[in-house]
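Please view the sequence and the structure first.

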Amino acid sequence: MSIAALPVNWDLDVFFPGTDSAEYRAACMTLTIVIERFAETLESAERKSDVASLEAVIRAQNEVAEQIEVMSSYVECRVAANSKDDVAQAAASEFEMLVLPYRKLSVRATAWVGSLDVPAMVASSEYLAAHAYALSKIHVAAQHLMSPAEESLASDLAQSSTSGWEKLQSNVSSQIEVNVPLPSGTQKLSMSMTRNFAYDPDRAVRKAGYEAELAAWKANEVPVAAAMNGLKGAVNTLSSRRGWNSALDQALFGANIDRETLDAMLAAARESFPDFRRYMNAKARALGIPKMGFFDLFAPLKGQFRAWSYEDGAQFVADQFCGYSEKMGAFAERTYREAWIDVFPKAGKVDGAFCSGFRKDESRVLMNFKPSFGSVSTLAHELGHAYHGLCLAARTPLQQRTPMTLAETASIFCETIIRQAGLATGTPEEKLTILEASLQGSCQVVVDITSRFLFEQAVFEKRKARDLSAAELCEAMRDAQLQTYGDGIDPEFLHPYMWAAKPHYYSTYSFYNFPYMFGLLFALGLYAVYQREPAGFQARYDDLLSSTGMADAATLSARFGIDIRSIDFWRGSLDQIRGDIDAFEKLV
């Protein structure tokens with residue numbers, strides 16, 4: 001496929017012309033009717049509690065979930081692309097109120113399922129057997145519910161507690177205007193545009209952007225710290241009242257892994273920190289500086305910088321996907337052709353990148369594209385999520401419920417495809433650039449993610465006693481970065497406000513960090529299987545992606561002979577990264 005003049009703004013109008021359109025309002029009315037129908041089905045089922053009733057409830061729940069996915073993704077994307085759109089913001093708030101009755105009914109349905117003999121019912125119904133894993137998870141979750149009245153109150157308060165704090169951080173961070181002193185003069189820019197200076201080849205520009213960013217966070221630290229304290233306090237309270245030993249235990253249940261798996265992975269990661277510090281110190285030498293600051297982590301190498309245009313990056317990704325399989329390549333081309341991707345930073349747009357599933361096999365991708373191979377890698381990452389959605393399309397919503405750990409599998413696998421292809425075919429300069437981009441990403445996912453995990457673990461523990469000040473949050477962040485980055489970073493130039501910059505901390509999904517590391521290392525392990533046993537791998541891999549909501553991670557990984565509770569598996573994946581670090585040092 002020859003790629004030119006690609007759309008750079010996503011097309012959301014194929015779903016609804018706007019959040020104030022007649023079509024969107026009609027969908028809201030339809031959703032209300034579907035929720036009411038679910039309520040009637042559940043009420044009838046509670047009286048009978050037989051196999052047919054459970055089937056009816058699961059079918060009705062799947063129907064509601066399909067409707068909600070399209071509408072929630074739509075309003076999320078509208079707000080993410082422009083948080084200053086008051087009409088979209090209002091629609092997002094109204095939508096939360098619209099689905100609140102369903103949230104309550106879902107909790108009620110969970111409690112009801114907890115009272116049933118689920119194994120016996122699953123054994124007597126083909127439809128229920130197809131939802132066996134989802135039902136087993138619901139059954140366990142039922143044991144961690146408060147009283148019906150308390151759960152109802154928690155749902156009512158979500159808008160002004162957990163979800164409210166999440167929204168506050170998103171709105172504040174996306175609307176901050178930063179005064180950045182640049183050689184061409186001081187510019188007033190959005191936070192996402194300011195953070196993009198971290199990729200500039202000029203160290204003075206990177207440092208100016210970093211210092212301006214920290215100053216802007218300092219000026220806005222009070223509301224963001226309030227959001228952190230409010231959300232972590234609410235999660236602590238709810239986790240305890242629901243009978244979880246900690247927020248981490250609840251997160252592990254949601255991630256479909258156990259503590260043994262997490263401990264093995266984190267132990268292997270800690271062993272790898274000296275190797276990542278070798279990489280960081282080698283990069284400092286390549287940049288001609290004694291030690292890197294946080295603002296140098298994403299710097300392009302001197303003399304190696306290639307300004308990747310979006311068109312070049314999209315072409316590269318499509319070509320490499322085609323090399324893996326025609327199905328994946330054709331899918332990438334479809335996402336470009338149908339304008340699924342919102343590409344560049346702009347005022348009011350949230351920072352970072354994400355993929356949001358809409359209906360069946362359709363998704364939308366938000367990026368803040370920068371002229372670096374790292375952004376090309378991010379494009380492959382997010383399209384990997386979209387490809388995962390394609391593989392899940394034939395499943396029902398309950399069968400599609402993929403934990404964060406396995407949700408990163410396809411995205412990291414796709415990153416690995418383009419990295420390996422680039423290293424195999426590129427010139428020495430291109431190889432160094434690609435290797436640097438890959439190690440840059442791996443460093444973030446292993447080293448920085450561990451720092452985020454340590455920070456969040458400390459905040460959850462300290463928050464049990466009282467609110468934490470912004471200064472205390474900064475100190476906790478510095479401590480976590482020192483434990484992980486060590487002598488790879490100048491301690492005078494860490495990023496104490498990373499707790500304010502990362503939206504992951506404000507998600508109602510606690511510990512929105514370690515799943516990324518799991519995804520990277522698990523995908524590297526799968527790629528190693530692909531290299532050893534390529535015959536028929538693509539079909540087995542697609543089947544795995546289609547099943548990520550239908551078994552726990554240990555069961556699914558066993559299909560490929562992988563034991564995720566063994567530290568040796570994680571060491572093996574990290575050995576691949578160590579090999580890249582060795583190669584990087586030699587090239588530098």
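The buried residues of helix H8, where buried means under 20% relative accessible area, exposed over 50% and partly exposed in between (1.4 Å probe, protein chains only), are Thr162, Gln169, Asn171, Val172, Ser173 and Ser174. This is a predicted model, in which local features need pLDDT of at least 70 and side-chain atom pairs count only at pLDDT 80 or more, while totals for chains, interfaces and linings use all residues. Residues are numbered from 1 along each chain as its sequence is written, and side-chain values use heavy atoms, with hydrogens and water left out.

**Helix H8**
- Helices (H or I, at least four residues) and strands (E, at least two) are DSSP runs numbered from the N terminus, and H8 covers residues 162-175.
- The cover over the buried residues of H8 includes helices H3 (86-114), H9 (191-195), H10 (203-219), H11 (221-241) and H21 (498-501), with contact meaning heavy atoms within 4.5 Å.

**His131**
- His131 lies in the loop between helix H5 (126-129) and helix H6 (132-142), and is buried, with a relative accessible area of 2%.
- Leaving aside residues up to four places away in sequence, His131 touches Ile58, Asn62, Thr396, Leu398 and Gln399.

**Arg578**
- Arg578, which is placed in helix H25 (residues 567-587), is buried, with a relative accessible area of 16%.
- Among the residues that Arg578 touches, not counting those up to four places away in sequence, are Glu271, Asp275 and Arg278.
- Arg578 and Ala558 are 20 residues apart in sequence and 25 Å apart in space, C-alpha to C-alpha.

Notes:
Expected span 1.5 Å × (residues − 1).
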